[in-house]
Amino acid sequence: MAAEKLRDLSQPIDVGVLDATVSAFFVTGSKEERAAADQILRDLQANPDMWLQVVHILQNTKSMDTKFFALQVLEGVIKYRWNALPVEQRDGMKNYISEVIVQLSSNEASFRSERLYVNKLNVILVQIVKHDWPAKWTSFIPDLVAAAKTSETICENCMIILKLLSEEVFDFSRGEMTQQKIKELKQSLNSEFKLIHELCLYVLSASQRQDLIRSTLSALHAYLSWIPLGYIFESPLLETLLKFFPVPAYRNLTLQCLTEVAALNFGDFYNVQYVKMYTMFIGQLQTILPPSTNIPEAYSSGSDEEQAFIQNLALFFTSFFKFHIRVLESAPDTVSLLLTGLEYLINISYVDDTEVFKVCLDYWNTLVLELFDAHHNSDNPAASINLMGLQMAQVLQRRQLYSNPMSKLRGLMINRMAKPEEVLIVEDENGNIVRETLKDNDVLVQYKIMRETLIYLSHLDHDDTEKQMLRKLTKQLSGEEWAWNTLNTLCWAIGSISGSMAEDQENRFLVMVIRDLLNLCEITKGKDNKAVIASNIMYVVGQYPRFLRAHWKFLKTVVNKLFEFMHETHPGVQDMACDTFLKIVQKCKRKFVIVQVGEREPFVSELLSGLASTVQDLEPHQIHSFYESVGNMIHAESDPLKRDEYLRRLMELPNEKWAEIIGQARHSVEVLKDPVVIRTVLNILQTNTSAATSLGTDFLSQISLIFLDMLNVYRMYSELVSTSITDGGPYASKTSFVKLLRSVKRETLKLIETFLDKAEDQPHIGKQFVSPMMEYVLADYARNVPDARESEVLSLFATIINKYKATMLDDVPNIFEAVFQCTLEMITKNFEDYPEHRLKFFSLLRAIATFCFPALIKLSSQQLKLVMDSIIWAFRHTERNIAETGLNLLLEMLKNFQQSAFCNQFFRSYFIQIEQEIFAVLTDTFHKPGFKLHVLVLQHLFCLVESGALTEPLWDTATVPYPYPNNAAFVREYTIKLLSSSFPNMTAAEVTQFVNGLYESRNDPSEFKKNIRDFLVQSKEFSAQDNKDLYAEEAAAQREQERQRMLSIPGLVAPNEIQDEMVDS
């Protein structure tokens, strides 16, 4: 094959054959020819001498693909081997590339036709410049500027090279060059920018050529963010840019340049120039885009260029206002221009484009927060003492200045409010009202920012907020503005400001809102319309528990309305009704169990009388939610007799069905194998679990009623599952019948676990339920084949031990015997099988280690070794939950063994192994989320050896001839050896310094952690960009600080997110 001779690079390459090979790969070849060509081209690229043929290829080929192949070879050499090449070869290549660029760009025709080729050559030249300039190519910038003055096309290309150079040094240099090299290039660019600056000004003032002016503006844009400020403000540059702004062809590029200038912020030194720039800019903008323009409409019908102009305009205003709005506020003649600018920005914020809106919203949030902080401090008596009279006047004056724009901004937020998470009913792309299937995270983030902004706006002027919302609601009622989207955004806005008003104002406001929404629901026809209104009523009432608690009549009306919606089969309405009912009951539960004024009995009793008809149209999962809600009500009843009576009435329907099934089963057990019956049993158990979730200890009478029958069903189903899997092989576990049976088993375990977890700590309850389960559940787990074992058994016993602590000590050996060996066999074969069993097994071990530690001491050394091996195995796991559970368990073991009589024995066996394994996961980059716990384990070990608690040597005295003075000295030397052999790239001195630092800082957790962080970066195991897990604790502290700030501002934390602050009286 002719192409084979290409491999011989001892003579000039045959360019014709190379063209054919490249063409076979890219265009003409069959599958086999393409594969062969690919192999040859790869081999050529890998050949270190291939680059010497590049000039020969470029001079002799006409194929663009071949040229690009040759340049790819050259680019690899420049990136990785340039500095190792002889000087004359480097200079030859540099000169050749420069000549080809000049030759192609000096001629208009070749510059246009070979544009892609020239662009690639430009990139190659900049790669060379990054290596050789300034030290080995001092004249680069003067040469470039001199070349630019010889012809307009060369000048255009020089601008492209200058832009590339700026981007390479300032935008893309991280990870490509050392910090020192980046610094050197920046200094060189700064010192030589005078020539570039003069060239740009010269072109902009003298040239009429559109392409050249565009590439000059584009190059300037790349430089404006970092050049010395004198070049911008002490030269005609700004005037020149503003001269180009009205010209359509240059408008967007000029605006991008002005935005870069607007985003600079270096104190007040250039305030006069900023005011002048802004004044001229607004003057020109009013001609280009008159203030009366309907910007959203113009945007939707505009060209790409016009849309880009609006986007750039948003960026300009937000950048300018973010840094320089105070300058515009200070002089009376600029205030009106500032207000004009804000007016433009509010109009742009109505544009139907997510990215444009994000830019605007981000700025509005910043501005409103700044105004609110000043307002909040002036209203706060403690803070206002510190404000002098003059400052107070300024705060009030500023609030007055912005009152009109802020009022318009409230309108914007109400009109464009994003959808909250609780709303499940949406309009699809066909205009139908449907149940939401996927949560849109972008929308939720946007809602969070808009909600925060609107709460600040509400605090700035409650009356205006209320007026605007009620005015829009009236227009919905009158039909003047009736539309799904308008009503949605209005109600989402109303719901979002919950808690921000004073209580009496909020009460007055909500009475009108809820009354109007209920009227709207009555007078509006059409299923979809009603579904939208229902969704909005439910969202609003769910956000205002404080109001509902204070107004029983409204609360009762709202709950009855929710019951009405529970019969509405429109997708999503029933779900939302059940969710809202639960949310309201959790915050107002006491109101339902006392006899209210004008009522004959408590609401809960009335509800239980009509229970069957209320839930008749609900799906099973909705009924479960309903039972949880009513359970919350019953739990609020303080009289135990009434409580039991309510619970009996609540569980009447499922209990009747349960009794019927169990009665039939006593005659014929075959009944329980019918899939319909199995589903009914599952549903009954799920209903019980939901009630147990909210009732806790109060559920005792109900669970006692069904407990033993339930365990009998459990055992029978368990045997059925085992038989099916044994007879049918591994695939039997995937059949719908087996899955259904296992669902019942899991639900049984979940019900018992939920009850025991929620019930108060009463030992007699534990004894009553744990003893029967030893046989029914534990022995059954041990007997089953692996695929039939339920992981919930492990989590149930973990819950029991966490709950009843040391009283379970006598039962631990039985638990160990039943689950330990057989579960370990399941989970230690690999890292993938039985993921649920893994996590729950280690949670059970941790509960035993924490509360029943004496039981672990009684294990044989063989069994203890199994436990320790499984712990090490757990924290090696890359699944974060399993690794963290393993590390927490290890810490419990270390603490407990240190305080026991077996301290020396345990640590002699495991100290070195634990240290070695922890260092392994600490430095392997797969286990970074466990960093905090790795540090705690190491700190524990280092403190232990220094504490003197270990009285016997950790080293093997039989094999180590040299006796160490103490354990600390041995561990120090061992650690240095371990790390030196693991990180040959670190010097012995660096490792020793690190280990000594650990010993010295062992009693200072933050210093100890800092030492380990530095070591990880120093050892090159962690690169700069992926270390957020090493700072997770600090990030958590910052989040907590932000939450405390939000809690101090009424309304900023939603009522349903506040745990115990809202006491229901």
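1. Helix α39 (residues 736–758) packs against helix α40 (residues 763–783) at an angle of about 155°, and their axes are 12 Å apart. Angles over 145 degrees count as roughly antiparallel, so α39 and α40 are roughly antiparallel to each other. The crossing of α39 and α40 is left-handed. Keep in mind throughout that this is a predicted model.

2. Who touches whom in that pair? From α39 come K745, L749, I752, F755 and L756, and they meet I765, F769, M773, V777 and D780 of α40. Sorted by class, the residues of the contact of α39 with α40 are eight nonpolar, no polar and two charged.

3. Now have a look at helix α16 (residues 271–288) and helix α19 (residues 332–349). Here the packing angle is about 55°, with the axes of α16 and α19 11 Å apart. The crossing of α16 and α19 is left-handed.

4. Which residues make up the contact of α16 with α19? On the α16 side you'll find V275, Y278, T279, I282, L285 and Q286, meeting T334, L337, L338, T340, G341 and Y344 in α19. By class, the contact of α16 with α19 has seven nonpolar, five polar and no charged residues.

5. One more pair to check: helix α5 (residues 87–105) and helix α9 (residues 152–170). The axes of α5 and α9 come within 8 Å and cross at roughly 130°, which makes α5 oblique to α9. In this contact, I101, V102 and S105 in α5 meet T153, I154, N157 and I161 in α9. The class count for the contact of α5 with α9 is four nonpolar, three polar and no charged residues.

6. Next, the labels. An unreviewed UniProt entry carries the annotation "domain: Importin N-terminal" for residues 37–103. In the model, residues 37–103 are 78% helix and 0% strand, and the end C-alpha atoms of this span lie 32 Å apart.

7. Finally, zoom out to the domains. The domain assignment of the chain lists domain 1 (1–82), domain 2 (86–227), domain 3 (231–404), domain 4 (436–548), domain 5 (551–638) and domain 6 (867–873 + 894–1024). Note that domain 6 is written as two pieces, 867–873 and 894–1024. How far apart are the centres of domain 1 and domain 6? Taken over C-alpha atoms, 54 Å separate the two centres.

Methods
Residues numbered from 1 in each chain as written. Predicted model: local features only at pLDDT ≥ 70, side-chain atom pairs only at ≥ 80, totals over all residues. Heavy atoms only, no water. Axes fitted to C-alpha atoms, helices over the stretch in contact; angles between N-to-C directions. Helix = DSSP H or I, 4+ residues; strand = E, 2+ residues; numbered from the N terminus. Parallel < 35°, antiparallel > 145°, perpendicular 65-115°, else oblique. Left-handed = near helix turned anticlockwise from the far one by under 90°. Contact = heavy atoms within 4.5 Å. Nonpolar A, V, L, I, M, F, W, Y, C, P; charged D, E, K, R; others polar. UniProt positions renumbered as here; feature names shortened; annotations may be inferred. Domains from an automatic or database assignment.
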